[in-house]
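Let's take a walk through this one together. Have a look at the sequence and the fold first, and then we'll go through them piece by piece.

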Amino acid sequence: MDKKIELDAIDRRILHALQADGRMTYDAIAAQVNLSSSAVLRRVRRLEESGVIAAYVALLNPERVGLGLTAYINVRLEKHTESHKRNPMDLFRAAVQTWPEVVECSALTGEMDYLLRVLVEDMGHYARFITETLLKHPSVQDCKTSFVLDRLKNTTALPV
């Protein structure tokens, strides 16, 4: 597990500003947090080097690029037996990295092993993904899907 980085109030205000607008200039951030631009630059570099700021990205609107259906898929894998040459979890973890429809995959406690967030064009695309990709994977035993009807909250900002 990664080591927690201590953040002061100014670091938190800088992070809040950058999460709202990753293209914000150092001058604009400096005005918001009452520091000089050079002091903000030093703090941002420290936050980048320590891994607090992991990346800068452009966030796309899925609907605007033709990905209008979001599904959450609970996946249960077959249990590992001695006859397997590779662990089913290892096989699944490797395969999921290659599936472009899967934008998030989390290992879970409880009845199911993984939760996938999948973005697809429509129900036909979803059906093809399930039948031709997910259920054809040798490690997958079962899956259960829930579809997003409406997003009440959708943010990438962390509560810093």
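Lysine 4 sits in the segment before α1 (9-20); helices (H or I, at least four residues) and strands (E, at least two) are DSSP runs, numbered from the N terminus. Lysine 4 is exposed, with a relative accessible area of 62%. Here, buried means under 20% relative accessible area, exposed over 50%, and partly exposed in between (1.4 Å probe, protein chains only). Between the C-alpha atoms of lysine 4 and phenylalanine 129 there are 38 Å, and the two residues are 125 apart along the chain.

A word on what you're looking at: this is a predicted model, where local features need pLDDT of at least 70 and side-chain atom pairs count only at pLDDT 80 or more, while totals for chains, interfaces and linings use all residues. Residues are numbered from 1 along each chain as its sequence is written, and side-chain values use heavy atoms, with hydrogens and water left out.

Next, the annotated stretch. In an unreviewed entry, UniProt lists residues 7-68 as "domain: HTH asnC-type"; its positions are given in the numbering used here, feature names are shortened, and annotations may be inferred rather than shown by experiment. In the model, that span is 53% helix and 0% strand, and its end C-alpha atoms lie 38 Å apart.

Now move along to helix α5 (residues 123-134), whose buried residues are His125, Tyr126, Phe129, Ile130 and Leu134. Seen down the axis of α5, these fall within an arc of 135 degrees, so they line one face of the helix; the arc is that of the directions from the helix axis to the C-beta atoms. An α-helix has 3.6 residues a turn, so residues three or four places apart point the same way. What do the buried residues of α5 pack against? They pack against β1 (69-77), α4 (88-96), β2 (102-107), β3 (114-120) and β4 (140-147), where contact means heavy atoms within 4.5 Å.

Serine 139 is buried, with a relative accessible area of 1%. Leaving aside residues up to four places away in sequence, serine 139 touches Arg76, Leu77, Glu78, Pro88, Leu91 and Phe92.

Phe92 brings us to the rings. The whole structure has four aromatic pairs: rings of Phe, Tyr and Trp (its six-membered ring) pair if their centres lie within 6.5 Å, and planes under 30 degrees apart count as stacked, over 60 as edge-to-face and the rest as tilted. In one of them, the rings of phenylalanine 92 and tryptophan 99 have centres 5.8 Å apart and planes at 75 degrees, so the pair is edge-to-face. Both phenylalanine 92 and tryptophan 99 are buried. Another pair, tyrosine 126 and phenylalanine 147, has ring centres 4.9 Å apart and planes at 75 degrees, so this pair is edge-to-face as well. It links distant parts of the chain, with tyrosine 126 in helix α5 and phenylalanine 147 in strand β4, 21 residues apart. Tyrosine 126 counts as buried at 12% relative accessibility, whereas phenylalanine 147, at 32%, counts as partly exposed. Ring pairs also link Phe92, Trp99, Tyr114 and Phe129 into a cluster.
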